[in-house]
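Here is a short note to read beside the model. Please keep the sequence and the 3D view open while going through the points.

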Amino acid sequence: MDAGTSYDIMMGADHDAPKDGLSIAIDRAMAAANDNAAPAYTHAATINIFAADCHARSRKAGWYTDLTTGKALDRNVPEMLCLIHSEISEAMEGFRKKLQDDKLPHRKMMEVELADAMIRIGDLATFMGYDLGGAIVEKMAYNDNREDHKIENRLKAGGKGF
């Protein structure tokens with residue numbers, strides 16, 4: 001099954017219907033993201049498509065609307081950051097207790113909570129207008145060359161570790 005097909009299934013798409021522009025873009029970006037030889041910019045685009053999808057689903061679910069008045073909500077960014085943190089804390093609990101997820105019982109709780117964190121991060125990044133994909137690609141490239149990330153330096157007394 002290719003990446004586009006799995007996305008279409010997830011979205012409940014009719015496989016006989018022609019694909020829209022977003023589905024085609026997602027198909028291409030997902031294929032490139034799964035190709036380790038692909039240029040880094042395709043990874044950034046894929047991440048940004050994911051983030052935009054998270055945000056669109058959040059808006060569609062009403063998280064940006066006052067449900068009593070129908071008016072737009074002024075989202076609380078510190079609250080959104082704390083909700084991301086809560087997903088990470090739930091992942092830790094799942095890891096610590098070796099739990100399966102209660103909503104997706106075929107998956108580990110940690111795996112699902114990490115997915116929740118990524119969904120919340122994508123939603124927040126798009127809400128803020130950030131180029132999350134570009135930032136991730138740049139940060140990974142920066143980390144590749146950090147002196148404190150090199151094995152020989154991590155092995156030294158006082159080297160980076162946990």
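1. How many residues does helix α6 have, and how far does the helix reach from its first C-alpha to its last? Helix α6 covers residues 132-144, which is 13 residues, and spans 18 Å. That is close to the 18 Å expected at 1.5 Å a residue. The buried residues of this helix are Leu 132, Gly 133, Gly 134 and Val 137. Please bear in mind throughout that the model is predicted.

2. For the overall picture, the protein chain contains seven helices and zero strands. Read from the N terminus, the order of elements is α-α-α-α-α-α-α. The chain has 162 residues, and 25% of them count as buried. Among contacts between residues at least 6 apart in sequence, 45% join residues at least 24 apart.

3. How many salt bridges are there? The count comes to nine. One of them pairs the side chains of Glu 87 and Arg 120, at 2.9 Å from N to O. Glu 87 belongs to helix α4 (residues 77-97) and Arg 120 to helix α5 (residues 109-128), so this pair ties together parts that are 33 residues apart in sequence.

4. Is Glu 87 buried or exposed? Its relative accessibility is 7%, and the cut-off for buried is under 20%, so Glu 87 counts as buried.

5. An α-helix has 3.6 residues a turn, so residues three or four places apart point the same way. Lys 97 is partly exposed, with a relative accessible area of 44%, and Glu 93 is also partly exposed, at 27%. Together with Arg 96, these two residues are linked in a network of salt bridges.

6. Where do the two partners of the bridge between Asp 148 and Lys 160 lie? Their closest N and O atoms are 3.4 Å apart. Asp 148 sits in the loop between α6 and α7 (151-154), while Lys 160 is in the segment after α7, and the two are twelve residues apart. The relative accessible area of Asp 148 is 29%, so this residue is partly exposed. Lys 160, at 41%, is partly exposed too.

7. The second largest pocket deserves a look. Its space comes to about 500 Å³. The lining is made up of 17 residues, and Ser 58, Trp 63, Ile 119, Arg 120 and Asp 123 lie nearest the centre. Helices α3 (40-60), α4 and α5 each supply at least two residues of this lining. By type, the lining residues divide into nine nonpolar, one polar and seven charged.

Note on methods:
Residues numbered from 1 in each chain as written. Predicted model: local features only at pLDDT ≥ 70, side-chain atom pairs only at ≥ 80, totals over all residues. Heavy atoms only, no water. Helix = DSSP H or I, 4+ residues; strand = E, 2+ residues; numbered from the N terminus. Expected span 1.5 Å × (residues − 1). Buried < 20%, exposed > 50% of the residue type's maximum accessible area, 1.4 Å probe, protein only. Salt bridge = Lys/Arg side-chain N within 4 Å of Asp/Glu carboxyl O. 1 Å grid on protein atoms, 1.4 Å probe; cavity = no way out; pocket = protein on both sides within 12 Å on 5 of 7 lines; lining within 4 Å. Points joined across faces, edges and corners; volume = space filled by probe spheres on them. Nonpolar A, V, L, I, M, F, W, Y, C, P; charged D, E, K, R; others polar. Contact = heavy atoms within 4.5 Å.
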